[in-house]
Amino acid sequence: MRNVKTILLTLALTGTATAQTTVEFWHSFGDAKRTGWIQARADEFNKANPGIKVVPSYKGSYNDSLQATILAARQNKAPALVQIFEVGSQLALDSGAFQPISSIKAVDFSDYIKPVINYYTIGGKVNSLPFNSSSPVLYFNQDLMKKAGLNPKTPPTTYGGLLKACQKIEAAKLGATCFGMSLNGWFVEQWMAQQGAPLLNNGNGRQGRATATNLDSAAAKNIFGFFKTLQANKAFTYTGKLEDWDGSDAIFTNQKTVFHITSTADIGNIRDAAKTSGFTVGVGVLPIADGTKRNGVVIGGASLWVSKSVSKAQAEGALDFALYMTNTKNMADWHKLTGYYPVRQSSIELLRKQGWFTQSPLQLVAFNQLTKTVPSPATAGGLNGAAIQTRKIIEDGLQKLLAGQSVEAALQETKARADAALNEYNANFK
Amino acid sequence: MLKPARVQNTTEAEERAVFRGTALPWVFLLPSLLILAVFVYLPALQTLRLAAYRANVILGTERFVGLANFTELLLSPAYRQVALQTFVFTLLTVTLGLLSALGLAWLASRPIRGANTYRLLLIYPYALSPAIAGTLWLFLFNPEIGLVNKILGALFDVRPRWLDTPSLAFGLVTLAAIWKGLAYNIVFYLASIQNLPGDVMEAAEIDGASGAQVFWRVAFPLLTPITFFLVFTNVISALFDSFALTDILTKGGPYTGNAGATTFLVYQLYQDGFVNFKTGAAAAQAALMLALVAFITWMQFRVGERRVHYGS
């Protein structure tokens, strides 16, 4: 080891070798498709930048890799670049293990889609670079809709519209439930944003630490009330397990539900499964509460964070790679492969020029929904360090509601538990 | 304890072999002790220390709170519910699991045609990992498209909601855990049954004992050592190995009362420690579970000495 160091030092001194900077990149994509794509971008980048060596590796779930990063940082072995999910943002910020990317060097963020960059801009600083982003949309079974006498060209866009369609579906006796989705707190966050209502106090946790949820607001009542009506009309089904994305998709693609809500990132998978199952799938905007203006969606997914404890060269290398991976062409490519949004305006332009939206018209709805989002604290998304827990608490609340609890009781209990979780987290800073 | 025992004057050569000094045995023990220290003792001590702090591993915050973590846990209705659920779950999986394993092993050990095939079929679930077993059950019990509800729907026109009805979800996880443990228990029972002394059984039959009498009066007492061993391995696996099954099948849900109906101690610990990063609270739970395991081990020795019939 010492010998190697001496040799390297000598080489460096004589100026015959340039020291290579290693950039560890930890991500949470375990599948071959996405891991392979990331590795290919790293190879290209390494070839073009001989001074930097980016080493991507899969580090388990978002939770696992966040924890691994923090523990590594304590021993000064932090990876330079880490992918962290959006609910972990406040936690990552509070950990003090990362540096805002806008302070590493000047980056022009004007090309990034506004609602996406807004989520990760905290206290005026861009903390992390958006990478894989998605939002929820309505999926519908066009064939079953026609059988029930509904027009697939005009899918419901509001709770009321959906409930009305459900009555027709019920009357048509299709042997399928009207609507189904995975119970996930993420959707509640979206529906709050759509109504322009922040989920948390203190400007959705962006002006100061959130100390309470707004689950007693009229907006929250609209959302829970919608599920209550669905339950009363027997118009809703799910697997019974929380956050069961795959199970809910399977119910929809097996034609046991007519309407389904899930992430845009599933468009490709659902379209393929529908083809196998023998029906035509349609995609529409996320139905929202009646009588409210459509404010748009909050971005979901994950972003790329740069560790604080790495050298300047590593931090710059990490940012350069992150920017390369999310450049116009690569993002368009990433979108076609996975269904995640390309996070840049120029990528959307590129896709439009390539005729992508005429080839895959399903995607257009998702884009419009995102680009038409009205910037506000509500649509920027709620920030709180206990977000993983509060999201789960909201899911518990919806589940109890579907099991028969009243809207008021469910919201009261959910709010009490979520607020307690917020306070417990905030107590860490006293 | 670790000092080599003074040797009495026995005739057997190997019993007289003794280390000259005290240093050498320690040298031989050192590798094991080092591994134990690094991977067991130090983490255990660290856990006990953390249990006295309000800590968050991500934030790196630690504030000394004394026994507050413990009092909070023991007073929390959620934790009490989880502990009670764990107790009922363990009781059910161990008793029902061992009874059905014993019954099946007894039947499969009868001299019948195709006995080997039966045995193979009974043992194979042991080869499945809990994660795969959980996924299989999840597919089977999907309320809309699962095989179980398809059959129940066609025959009786009922489609139970297995995963979000608290009692059904609890029953389902219990059943899955019993099924998953069955193969392991059957292997041990089969081996023990095959080793039962044939002459004793035969003598009982000649004396006119019925099949049931042979089983309960002769075979069952002779099987107490293995039953005893299985009770404790099953208790430990119900306490700790239920994790993967619950995580995949129900995620600890559905929430009822003050906690998820299928959230057991180890799952609660995982949630608090590795999902919500309440490191101190999780450490306190780990300490409580450590005490529980210590108690079970103590019971094992105590009961083992008094009640189990090991033969002459």
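**Group meeting: how chains A and B meet, and how chain A is put together**

Let me start at the chain interface. Between chain A and chain B there are two salt bridges. One detail before going on: this is a predicted model. Side-chain atom pairs count only at pLDDT 80 or more.

Take a salt bridge with a partner in each chain. Glu243(A) pairs with Lys251(B), and their closest N and O atoms are 3.6 Å apart. Side chains of opposite charge can pair when their charged atoms come close. Polar contacts come next. Nine residue pairs across the interface of chain A and chain B are in polar contact.

Which helices of chain A each supply at least two residues to the side that touches chain B? Here they are, in sequence order. Helix H3 covers 62–74 and helix H4 covers 89–95. Helix H11 is 245–253. Then come helix H19 at 387–402 and helix H20 at 407–426. By class, that side of chain A has twelve nonpolar, twelve polar and twelve charged residues.

Now the totals. On the chain A side, 36 residues are in contact with chain B, and 31 residues of chain B are in contact with chain A. The two chains bury about 2,800 Å² between them. Of that, 55% is on carbon and sulfur atoms. In chain A, which residues lose the most area to chain B? They are Gln67(A), Lys241(A) and Asn428(A). Together they make up 20% of what that side buries.

Next, inside chain A. The chain is divided into two parts, each built from two segments. Domain 1 takes 2–133 plus 299–354. Domain 2 takes 136–296 plus 374–429. The C-alpha centres of the two domains of chain A lie 31 Å apart.

How do these domains touch? In chain A, 18 residues of domain 1 are in contact with 18 residues of domain 2. They bury about 1,500 Å² between them, 52% of it on carbon and sulfur atoms. On the domain 1 side, Val87(A), Gln90(A) and Tyr119(A) supply 34% of the buried area.

What about charge pairs between the domains? The count across the interface of domain 1 and domain 2 of chain A is two salt bridges. Elsewhere on my list is the pair Asp94(A) and Arg209(A), whose side chains meet in a salt bridge at 2.9 Å, N to O. Six residue pairs across the domain interface of chain A are in polar contact.

On the domain 1 side, the elements giving two or more residues are H4, helix H5 (114–120) and strand E5 (121–122) of chain A. H4(A) gives the most, with four residues. By class, that side divides into seven nonpolar, eight polar and three charged.

One more charge pair. Over all chains, the salt bridge count comes to 21. Among them is Asp320(A) with Lys105(A), the closest N and O atoms being 2.5 Å apart. Asp320(A) lies in helix H13, residues 312–325, and Lys105(A) in the loop between strand E4 (98–99) and H5 of chain A, so the pair ties together parts 215 residues apart in sequence.

Last, confidence. Chain A averages a pLDDT of 90, and 96% of the residues score at least 70. Where is the pLDDT below 50? Residues 9–17 of chain A are such a stretch. Beyond near neighbours in sequence, this stretch has three contacts in the model. Where pLDDT is low, the predicted coordinates should not be read in detail.

Key: Residues are numbered from 1 along each chain as its sequence is written. Chains are lettered from A and ligands numbered from 1 in the order in which they are written. Side-chain values use heavy atoms; hydrogens and water are left out. Contact means heavy atoms within 4.5 Å. Buried area is the accessible area (1.4 Å probe) that two parts lose on being put together, summed over both. A salt bridge is a side-chain nitrogen of Lys or Arg within 4 Å of a carboxyl oxygen of Asp or Glu. A polar contact is a pair of N or O atoms within 3.5 Å; within protein, one must be able to donate a hydrogen and the other to accept it, and residues adjacent in sequence count only if both atoms are side-chain atoms. Ala, Val, Leu, Ile, Met, Phe, Trp, Tyr, Cys and Pro count as nonpolar, Asp, Glu, Lys and Arg as charged, and the others, Gly among them, as polar. Domain bounds come from an automatic or database domain assignment. pLDDT is the predictor's confidence in each residue, from 0 to 100.
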